[in-house]
Amino acid sequence: MPFMLARRGRCIVRQFGLRETLPLSTRVSLVPRHVRRVSLAVNGLSLKRETPTGPVRSILSQIQANSYATAGRPKAHTGRAKASTGSSGSKKTGKKSTSSKKKELTPEEKEAKKEAQKAKALKEEIKQLKITALEPPKKLPQSAYTVAFQEKMVSGPKEEGKPPAQHFKEVANAVKELPSYELERYAQIAESNKAENSAAYDAWIKSHTPLQIKDANAARRRLRQLLGDAKSGKYHQLSDDRLVKKAASSYALFLKERYESGDFKHMSVQEAAARAGEEWKGLTESEKQKFNELYKEDYERYSREHREIYGEDPPSHNKKSRGSEESS
């Protein structure tokens with residue numbers, strides 16, 4: 001009888017799948033203990049709870065411990081290096097070395113790259129020059145025709161679906177046919193706009209230092225060179241009474257004296273300039289000395305005002321001083 005119960009107990013353990021979930025030591029100690037409990041129950045004896053002699057885990061904890069992934073034991077270091085790692089590393093380094101080599105450019109590609117770099121540098125230079133050149137305030141219309149045209153364009157009715165070019169042409173024709181009294185009214189508005197524009201421009205000029213206006217004019221000259229006449233029409237020189245007037249050259253002083261004499265009144269500007277040039281070439285050094293002395297005086301005036309107004313020496317003075325420093 002006990003043997004049969006023991007077999008049944010083993011079958012129960014096998015049916016619940018506990019055999020595979022428990023370690024070998026627990027499986028060996030579990031079966032005799034279960035057989036003993038079954039035999040005591042059959043013989044009518046009381047069951048006494050035994051205190052375990054060693055650390056025994058519960059079946060539930062054993063099932064949980066063996067049913068989930070746990071951290072494995074660290075593998076012992078054998079000192080052997082993987083053969084595949086070395087081969088793959090060598091392959092990778094070889095590929096990197098081949099890919100790191102730059103492709104040799106053809107002469108055409110090198111030339112195209114240089115042109116692209118030049119275009120990029122030119123674009124950046126123009127961008128910086130436009131910032132330095134400053135932007136004056138926008139002007140109000142200063143002619144009677146422009147004032148009338150703008151007023152008609154804004155206030156005049158426009159038919160739906162009419163092309164803008166046709167509407168523009170119709171308004172222009174209507175302005176040309178305005179009566180004289182209306183044109184007189186628009187002329188008065190234009191004169192008032194001129195005064196407002198002049199006041200706004202003077203206030204804008206005074207809001208900048210003379211050095212800023214000087215640098216703006218230099219940037220505007222450079223923009224006219226880079227952009228050409230088609231795109232540089234708005235970059236004219238800024239007018240400011242505070243700017244220092246440059247020193248006139250010896251030839252410029254001679255030319256001024258000859259024009260003031262009245263000998264060239266019957267000549268055109270080109271003819272007078274040609275005649276004055278021939279006369280200048282025919283002068284001796286002693287005759288030119290007079291105009292050279294006038295130039296020195298004017299240059300001293302220019303240098304003095306340049307330091308007072310701009311706070312720095314004129315460019316030519318800086319070059320002379322650098323040259324003297326290098327020679328010394």
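This is a predicted model: local features need pLDDT of at least 70, side-chain atom pairs count only at pLDDT 80 or more; totals for chains, interfaces and linings use all residues.
Author: The answers below begin with the overall fold and then turn to the rings.

Reader: How many helices and strands does the protein chain have?
Author: The protein chain has 14 helices and zero strands. Both are DSSP runs numbered from the N terminus: helices are H or I with at least four residues, and strands are E with at least two.

Reader: And what share of the residues is buried?
Author: Of the 328 residues in the protein chain, 21% are buried. Buried means under 20% relative accessible area, exposed means over 50%, and partly exposed lies in between (1.4 Å probe, protein chains only).

Reader: Now the rings: how many aromatic pairs are there?
Author: There are 11 aromatic pairs. Rings of Phe, Tyr and Trp (its six-membered ring) pair if their centres lie within 6.5 Å; planes under 30 degrees apart count as stacked, over 60 as edge-to-face and the rest as tilted.
Author: One of the pairs joins Phe254 and Phe291, which is edge-to-face because the ring centres are 5.4 Å apart and the planes stand at 85°.

Reader: Which parts does that pair tie together?
Author: Phe254 belongs to helix H11 (residues 250-261) and Phe291 to helix H13 (residues 285-310), so the pair links parts that are 37 residues apart in sequence. Phe254 counts as buried because its relative accessibility is 5%, and Phe291 counts as buried at 5%.

Reader: What about Tyr295 and Tyr299?
Author: Tyr295 and Tyr299 form a tilted pair, 6.1 Å centre to centre with 40° between the planes. Both lie in helix H13, four residues apart, about one turn of the helix.

Reader: Are they buried or partly exposed?
Author: Tyr295 has 31% relative accessibility, so it counts as partly exposed. Tyr299 is buried, with a relative accessible area of 15%.

Reader: Which residues form an aromatic cluster?
Author: Tyr251, Phe254, Trp280 and Phe291 form one aromatic cluster.

Reader: Where does the charged end of Arg185 sit?
Author: The charged end of Arg185 sits over the ring of Tyr186, 4.4 Å from its centre. The rule is that NZ of Lys or CZ of Arg is within 6 Å of the ring centre and within 35 degrees of the ring normal.

Notes
Residues are numbered from 1 along each chain as its sequence is written. Side-chain values use heavy atoms; hydrogens and water are left out.
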